[in-house]
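Here is a short briefing on the fold of one protein chain. Please look over the sequence and the model before reading on.

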Amino acid sequence: MTCPYLPGRMEQQLFTELSGPGAQDVFERLGEAGFRRSHHIMYRPVCTGCSSCVPVRIVAKEFDFSRSWRRILKNNIDLTAKDVGARVSEEQFDLFRRYVESRHGDGDMANMTARDYVNLVTASPVDTGLVEFRTPDGALIAACLTDKLRDGFSAVYSFFDPDMNSRSLGSYMILWLVEEARRLGLNHVYLGFWIADSQKMAYKRRFSPLEEFGQAGWRRVDTPE
């Protein structure tokens, strides 16, 4: 298929279906080997002549809460977070549509219907939940679909109010997952794939310490100051 990240390239994937009573175990083993979940499928790019898609994860127990990260946490201290499981609502879909149209209007997700959104949240055979973030007056301003592994969390997809740039909600939800992992004694927050030539992926390198998955397994990588 056409590569969704790098123009002019084709993508090949290695994938398997998650099903049956052993789905969670298969999911966790493949997740720890750099695979990513989409609905009931686990996949990894295996493109001929290209290795640009690099699985990355945050080492939560050693995470460096820099001054800028602490500022983002402080700016959002008024928010409440609640894992609502696989419960979907029109309120969520309205926020999702606003986010996609504002940030990814030229992507595949721009054409998603309400039914597609329901499938995004509910078509998971593993331990998955949607975390909602609300203001003191109850307004939903952000949400993060999250898979749970024995060693941490995997951020599947997040969306937020595009008019609230000052809150840095995208980064805040990752910081919240890091804090939650630390609270529960879990080691990692999986961020999916990082691509050096994709500006949309650049934010992932800001989280430190960060590990990437390669032929020798997971290894620590240098991140920007």
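Phe15 stands opposite Tyr43 in strand E3. Strands E1 and E3 pair in the antiparallel sense over five bridges. This is a predicted model: local features need pLDDT of at least 70, side-chain atom pairs count only at pLDDT 80 or more, and totals for chains, interfaces and linings use all residues. Residues are numbered from 1 along each chain as its sequence is written, and side-chain values use heavy atoms, leaving out hydrogens and water.

**Three-stranded sheet**
- The strand order in this open sheet is E1-E3-E2, with antiparallel pairing. Two strands count as paired if DSSP finds at least two bridges between them.
- E1 and E2 are the edge strands, and each pairs on one side only.
- Neighbouring strands here are turned by 30 degrees against each other on average, direction ignored. Angles run from 0 to 180 degrees between N-to-C directions, with axes fitted to C-alpha atoms, for helices over the stretch in contact.
- Strands (E, at least two residues) and helices (H or I, at least four) are DSSP runs, numbered from the N terminus.

**Eight-stranded sheet**
- A second topic is the open sheet of eight strands, ordered E5-E6-E7-E8-E9-E4-E10-E11 with mixed pairing.
- Strand E5 (80-83) and strand E11 (217-221) stand at the edges with a single partner strand each, so one side of each has no neighbour in the sheet.
- E5 and E6 pair in the antiparallel sense over four bridges. Thr80 has Arg134 in E6 as its bridge partner.
- E6 and E7 pair in the antiparallel sense over seven bridges, and Phe133 stands opposite Ala142 in E7.
- Five residues lie between E6 and E7 in their hairpin, where Gly138 in the turn has a positive phi of about 90 degrees.
- Strand E8 (residues 152-160) and strand E9 (residues 188-194) pair in the parallel sense over three bridges. Phe153 has Val189 in E9 as its bridge partner.

**Burial of E6**
- Seven of the seven residues of strand E6 (residues 128-134) are buried, so E6 is largely enclosed by the rest of the structure. Buried means under 20% relative accessible area, exposed over 50%, and partly exposed in between, with a 1.4 Å probe and protein chains only.
- Thr128, Leu130, Glu132 and Arg134 point one way from E6, while Gly129, Val131 and Phe133 point the other way.
- In a regular strand the side chains alternate between the two faces of the sheet.

**Helix H1**
- Helix H1 (residues 23-31) lies across E7, E9 and E11, running at about 95 degrees to E7.
- Its buried residues are Ala23, Phe27, Glu28, Leu30 and Gly31.
- Those buried H1 residues pack against E1, E2, E3, E7, E9 and E11. Contact means heavy atoms within 4.5 Å.

**Nonpolar cores**
- The largest nonpolar core has 56 residues, and Ile58, Phe96 and Phe133 have the most contacts inside it. Such a core is a set of buried Ala, Val, Leu, Ile, Met, Phe, Trp, Tyr and Cys residues joined through side-chain atoms within 4.5 Å.
- Helix H5 (residues 169-183) gives the most to this core, with nine residues.
- A second, separate core of 11 residues includes Ala23, Leu30, Phe35 and Met42.
- Leaving aside neighbours within four places in sequence, the contacts of Ile58 include Phe63, Ile174, Val178 and Leu210.
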